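Trainee: Could we go through this one together, a question at a time? I'd like to see how each answer is reached.

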Amino acid sequence: MRNFQYALPLSVDEAAKQAQHSGAVLKAAGTDLLDLMKGEVLAPDVLVNLRGMPGLDRIERQGDGFSIGALVTLADIAAHRDLPPTLRQAAGETATPQIRNMATLAGSLCQRPRCWYFRNQHYPCLKKGGATCFAQEGENKFHAIFDNKPCAIVHPSNTATALMALVAEVITNKREIPIDEFFVPARRNLEVENVLERGEVITKVVVKNGLPAGAYREAREKQAFDWALVAAAVSLQLDRGTVRAARIALGSVASTPYRRPEVEAALVGKKLSEKVARTAAELAFVGATPYVDNAYKVPMGKVILKRAILGAGGLPEMGGA
Amino acid sequence: MPKTKVKVGFPGKTKDLEITLPEGELPPWGADETLRYVGTDVRRIDAADKLTGRAKYTYDVRVPGMLTAKILHAPFGAGTIQSLDTSKAARLPGVRGIHVFKDVGRPIHYHGDEILAIAAETEEQAEDAIAAVEIAYDRLPAITSIDQALRPGARQVFAGKDNVQTKQVGENPEQRLKDAEAALAKAKRIVVAHYETQVQTHSALETKGVVAMFEKDGSLKVWSSTQGTFGVKGAIVEQTGLTDDKVTVIADFVGGGFGAKFRLDVPGLAAVALAQKTKRPVKCMLTRQAEHTAGGNRPNSRQHMRGGVDAQGKIVGLVVETWGSAGAGNGAGCANPAIYDFGKTAKTEHQVYTNWCPGRAFRAPGHPQGIFAVESFMDELAHAAGLDPLEFRRRNTDHPFYDDQWTLAAKEIGWHEKRNRVPGQGNGTIKRGIGMGSTLWSQMGRPGSSVDVTIRKTGEVIVENGAQDIGTGTKTLLAVIAAEELGLPPETLTVRMGDTRLPEGPGSGGSATAPGVGPAVRTAAAMTKAALLKVVATKHGVDPETLGLRDGQVTGLATPLSFEQAAALITGDRLKVRGARGKNFEAFHRAAGGCQFAEVEVDTETGIIRVLKVVAVQDAGRVISKLLFESQVLGGVIQGLSYALCEQQVLDRRFGTQLNADLLNYKIVGSLDMPEIVPIAFSVANAGNNCGMMGLGEPPKIPTPAAIANAVFNATGARVRSLPMTPDKVLAALQEAQRTRKHHKGGS
């Protein structure tokens, strides 16, 4: 780890000013940042600790929805009874209790990809300004199956997937960013995963309560502390079992939480059933372009999405004996 | 030599065994003997030290003036060092010494291969210096799989040496193969199957490391996180040329070994060399990353099996071909065939060189991988023969008590009620099933250990042996044995281990520590007891033969005399007696048997396996401490479960860099993955040594993967033949099973 300057701003304005430094990196809980710095993937000149900003650790009602402070922990989100189930479940599935007690919502949204080539200082990959995506011909079991060229990362955040399936906005010191416009596909910009600019600090996330029914489901290799192999977040507006509106996002399949508008459209007007959910899930994975080692994500993803749709609708997710 | 009879065996199956006791050896505890402490729940005597942090591991050692050394490791798997310049690093603040392992022109054989070490005043300065080393490599494409290594024209991992070393196992291999083929030709059913296992790293919580300190008189004191204090001492004597009496190795507490910590190793070589060079104490611990990449591993395997059964469900023959790679090292054999009577067998074994880190001994070397194949294959044979897998195993072994153990485990798991008669029966998404596997491990301990038992005038009792307790609870075990002889509660004894100034003890390999040192403790304790009672007898004017020790009292006297009062009678300040371990003698059995039965739940849509319950019945000869027994079995099952479901070293196939050299992406099961584990002690009064005890460290790790794989088959009808059984592989196996079913339906 390299030496760095440490800044502890006590207001959003001050934080934004500190964040203007070239070579400044923002830190919330630091659960991800510490690993990146230890691995020499990031070597900030100035580490701006955001935890001194007051008042950003609260969940408050706002209109028919909620305002969630940037420093609210995942544990607090998971425990909050009134937040949409999609978001609560996604937060509750993340990492370990210890990490959930520390990790913040803003930090969760801004964490860097888990790609093991990106995280290894000895691989000058595309994302680090190099010429090659080593995953394409390498070990790509956990990589993207959609929109996966030239870079194969998946977005690592559970809460990002959940928010994408909600009507939400990311609020910064500068602007209000609809969640649909927050994430940046690797295809468009290799260096970043979101639209935040230098000197821009997330202050809160606003979740509008337009779609009351929802579910987040994921599959992983072990149950204690693992990243999702594939995840699905679904929010629905239902009228006596018939879908009036839907938002669907897939996680761990692309460089951003991956919305599937055509699947949403196909669900609207349908009476929810196992068959409807299965058909929608089939449609959601049309066009996937998996690599050698991650083709399993297609059948697994279909199942996870089907279950999330059924779960959001309050229907049984699995066949009985 | 005196012959004597002793009752051996286990409840329901005991017999009188005539044994020839070596000179001066105590007769073993018989099956009919009532013991006060042995076999009971004795708490670890160092539990409070560990819980409060008073226990000092090598990691915790800090001595005045100590430097910290860091190692530069090759970041990829194959190539040559083209240039190396340490001048810039040497000029950095705090840098005090550099020790080069590999210089320009030397080959790199694996990710983590050691190039040099730098000692500096602080850890951070040492890290900065490592980063400042200017090094360039000629990089080569790495060979990271057995396939790659075997490909015609493949680059030789070691120039001038074939990538594969092939050996026919057993005498007269041509005849063996002919006999096996002849037997198979007559078989009623033939099964062919191919199994694969992955590379597993030891992942001990304390990484390897050493603190080396020269004393003013030129002697060397070394703290080492090791499972072989005396072996490390020998290596230092060899490296430094110091005389034996000038070197001390200390391992008060060791944070796990699992087979990877026998040697002085790279951090030890670095620390000693740099301490010599700088005249300062030097500490060198591996990083977590280096522990994964350069610290050794369990080699991978491929096992091809072709076997046949006759109409009675007897296995008539087996032809086995195995491949394994211990990377740029040797020792990738598999324990296959094993456990059962496979009739006529023939085996070909291929050791393959690749650019992986050299393999090392790892908790039952060759066995978890071998027995995964053996026990999976037993299930496949049973299925082909149309027999209950348990009944099928009964027909193919003459082990003296597997049947008793299987019956016990079957009852506990609900074999007859819960097992699917037709594998994969039922239509639910989540399916349950039950499977089993067995284990066999020979370890009675060896002669060579000595133990000092001291009774101080204050009544304090000290048991001393220089071997290490690597976390298994050896100190407690020794206390229990001494306590039994001395009639004192084990927790009142002091046990000192992990110091080469104390009497000789074994390296902790092959599960040999407990049965190696334990019998020496009993001998030494008995001798010390006799000496104490002689003192008492002289004072009281009675025959020492009439006296005994029990519950902290001297028995056989007219007036009460406590142990402390007796100790106060000692002339001088202590009684100290050394006892040595004798040779092994006749035993009820010589290989510890055990079995594990697993119940699993498989999500047939996602391929996710959840292990619900594991019943582990295990023999270790006479169980000395029930809690320590359970702790070993639980640890074995958990490590076996983790190996079965998720652990796997991942190397980049092109450059040979390990991509998951941490404890996040190198996946080890956690609390949410835990099944209910039921350890059942199958204690056998065994003779063989004076405690009748056997080693237990390794056997409980062996059968878990097979028990789980067999349960997955019983649940789903899908056979997963590759470890770890990750969801992608389970999904593929489920699809394969479905195709086969459709094919059969179509054909009938």
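Trainee: Where in chain B is Q468(B) found?

Mentor: Remember this is a predicted model, where local features need pLDDT of at least 70, side-chain atom pairs count only at pLDDT 80 or more, and totals for chains, interfaces and linings use all residues. Residues are numbered from 1 along each chain as its sequence is written, chains are lettered from A and ligands numbered from 1 in the order written, and side-chain values use heavy atoms, leaving out hydrogens and water. Helices (H or I, at least four residues) and strands (E, at least two) are DSSP runs, numbered from the N terminus. On that basis, Q468(B) is in the loop between β22 (461–464) and α13 (474–486).

Trainee: Is Q468(B) buried or exposed?

Mentor: Buried means under 20% relative accessible area, exposed over 50%, partly exposed in between (1.4 Å probe, protein chains only). Q468(B) comes out at 0%, so call it buried.

Trainee: Which backbone nitrogen does the side chain of Q468(B) reach?

Mentor: On the oxygen side, a polar atom of that side chain lies 3.0 Å from the backbone oxygen of Q227(B). Contacts (heavy atoms within 4.5 Å) of Q468(B) beyond four places in sequence include G228(B) and A251(B). The nitrogen reached, at 2.9 Å, belongs to T229(B).

Terms used:
A polar contact is a pair of N or O atoms within 3.5 Å; within protein, one must be able to donate a hydrogen and the other to accept it, and residues adjacent in sequence count only if both atoms are side-chain atoms.
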